[in-house]
Every structure is written in structure tokens, then in C-alpha cells.
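The following note collects comments on the model displayed below.

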Amino acid sequence: MPQHPYRRLRPARHELPEVGISESGNIRSLHLGTPTIQSSMNVDYPAELVLSYSRAMMAWLLFVDELPQHITQIGLGGGSFARWIDAYLPETRQTAVDINPQVISIARSMFELPYEGDNFEIIEDDGAEYVKVLRGNTDIILVDGFDGEQIIDSLVAEPFFADCRQALSENGIFVTNWWQGDKRFHTFVRRLCEVFENRVLMVPAETHGNIAVLAFQQPPSMREWSKLKKRAQQRADRFNLALPAMLAAIKAQQENPSRPLTFNDE
């Protein structure tokens, strides 16, 4: 993740990292106890997904036939996903879960979150515990949980992946952000593959070594590259995302790119 000087807003509570912000030009960023940027907002265009990893995590748009009715976010951060969903998917209901009350407070006051009502709610809770109450009633799960130093252990555990699969709707997609340089990265991937029966794809972020990892409840119905390319081009303009480049990155990882999209077990 990018680095930037930051200033502390208040002391940490319990074991949770202290929250800080930094500003550089029109970009406001949130930090958790370190200079590492966790979330950024363009104050002139708040709906923009500033960080490349957050854009990569939207690669699920390549594979859904119908836009989601509900999205669950594990980790609110500075509200990047919340603002984007509100702007580009205004009919989609969304729930953001964060364990850190300071993060929630600062996101509300300084990061222009959507109005909290029927379509957007914030829940202060441990995301790994919260997801256990869901039963097939969320279409997309976006997981972005770091403690300022590394990914939170409970969010890369096999029981958490199993709970997320149980929470997803019939054609739901799980999406998470990992650091490819983490020595545990391949362990995380193996666990996710075991739970989602190898239906896992990866989309490297444009910069900083992050990688978006997608896991599918069911194989996507559209798997021909020509059709996926057409969808990527159509949705790129609508959602202001480089979806064709994301699709190309996925195709480049395929063992036989002349065949339709396949997973490791096929």
C-alpha cells in the first residue's frame, strides 16, 4: 500500500489501532496507526475509487448477469466502497461492518458517507462474527480488513470463508484484498479454494502489490472470452472502471486462454 505522512486524531482504544488522517492536494486518506494508507477519498469527486486495489476489487462486475440487490462490506475504512456503490448502484442496499468505533466516527465526519437509511447501514461489530448471522441473503461480500500492519487473522481463516459462502446468495461472489508479498499468501489462497471448490480468480491491482481475490458460489454463467470482453467494454464506461484491463489480467493467468474461462479443478 502507498505511504504518506499522517497526523493522529486521538489515542487508541483497547487493542484497536489509532486512527489518523492525511491530506495531499485533493486526496484525503485514512491510516490505522501507521503511515500505510488504508483508504483515500478525492474530496472533489468522493465517489472515485482512488486506490488501485479498490478498483481491482470491483472485477466482480465482469461476472454478474444482474446487478446485486445487497452488498456486505467487511471493513468500512474511509468509506470508498460505500460512496462508489451509492453513486453507481443507487438501487443496491449495502451494509458496512467495522469493529473500530473510531473508524466509523471519522468516516462519518470526514469522508462524506452516504445517508444512513434503508439503502445504507453501518454496523459496529467484528466482521468475522457478523457474517455468521447471514444466510444466503447478500450477493457480494467485499472484505478489506487490515489492522494497520497486516491482514486480520480471523478474516483469512477457513471458518470465515465457510461463513461467507453460507452468507452468499445462490450466485454470490466473495471478494477480498490481499498483499501478494505476504509470506502466507498461498496459504490464504489454498484455504479459499478448499471452501469455494477451486472457483477462485485473482486480479492484480495496478500498483502497490495488492491483489483482489474473487471466489464464486457457482461458476459464472458467462465464460466465453468474447462475450466477457463485450461486457467489460460496456460496463467500463458505465462504472468508470478499467474492466477490460482486469479481464485481460485474468485471461493472462489461464493455462489455456484459447478455451473459455476455467478454474483449477476443470
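1. In this note a residue is buried when its relative accessible area is under 20%, exposed when that area is over 50%, and partly exposed in between (1.4 Å probe, protein chains only). The model is predicted, so local features need pLDDT of at least 70 and side-chain atom pairs count only at pLDDT 80 or more, while totals for chains, interfaces and linings use all residues. Residues are numbered from 1 along each chain as its sequence is written, and side-chain values use heavy atoms, with hydrogens and water left out.

2. A salt bridge is taken as a side-chain nitrogen of Lys or Arg within 4 Å of a carboxyl oxygen of Asp or Glu. The count by this rule is ten. In one of them, Arg28 pairs with Glu23 at 2.9 Å between the closest N and O atoms; Arg28 is buried at 17% relative accessibility, and Glu23 is partly exposed at 42%.

3. Arg55 and Glu206 form a salt bridge with closest N and O atoms 3.2 Å apart. This pair links distant parts of the chain, with Arg55 in helix α1 and Glu206 in the loop between β10 and β11 (210-216), 151 residues apart. Helices (H or I, at least four residues) and strands (E, at least two) are DSSP runs, numbered from the N terminus. Glu206 is exposed, at 58% relative accessibility.

4. For Arg199 and Glu197, the closest N and O atoms of the salt bridge are 3.7 Å apart. Arg199 is buried at 8%, whereas Glu197 is partly exposed at 40%. Salt bridges with shared partners also join Asp153, Asp182 and Arg184 into one network.

5. A pocket is an open set of points on a 1 Å grid over the protein atoms alone, where a 1.4 Å probe fits, with protein on both sides within 12 Å along at least five of seven lines; lining residues have an atom within 4 Å of a point. The largest pocket is lined by 33 residues, with Gly75, Asp98, Asp144, Gly145 and Phe146 nearest its centre. Elements supplying at least two lining residues each include β3 (27-32), α1 (52-56) and β6 (93-98).

6. Asn198 has a positive phi of about 70 degrees although it is not a glycine. Asn198 lies in the loop between α6 (185-195) and β10 (200-204) and is partly exposed, with a relative accessible area of 26%. Asn240, also not a glycine, has a positive phi near 55 degrees and sits in the loop between α7 (225-239) and α8 (243-252).
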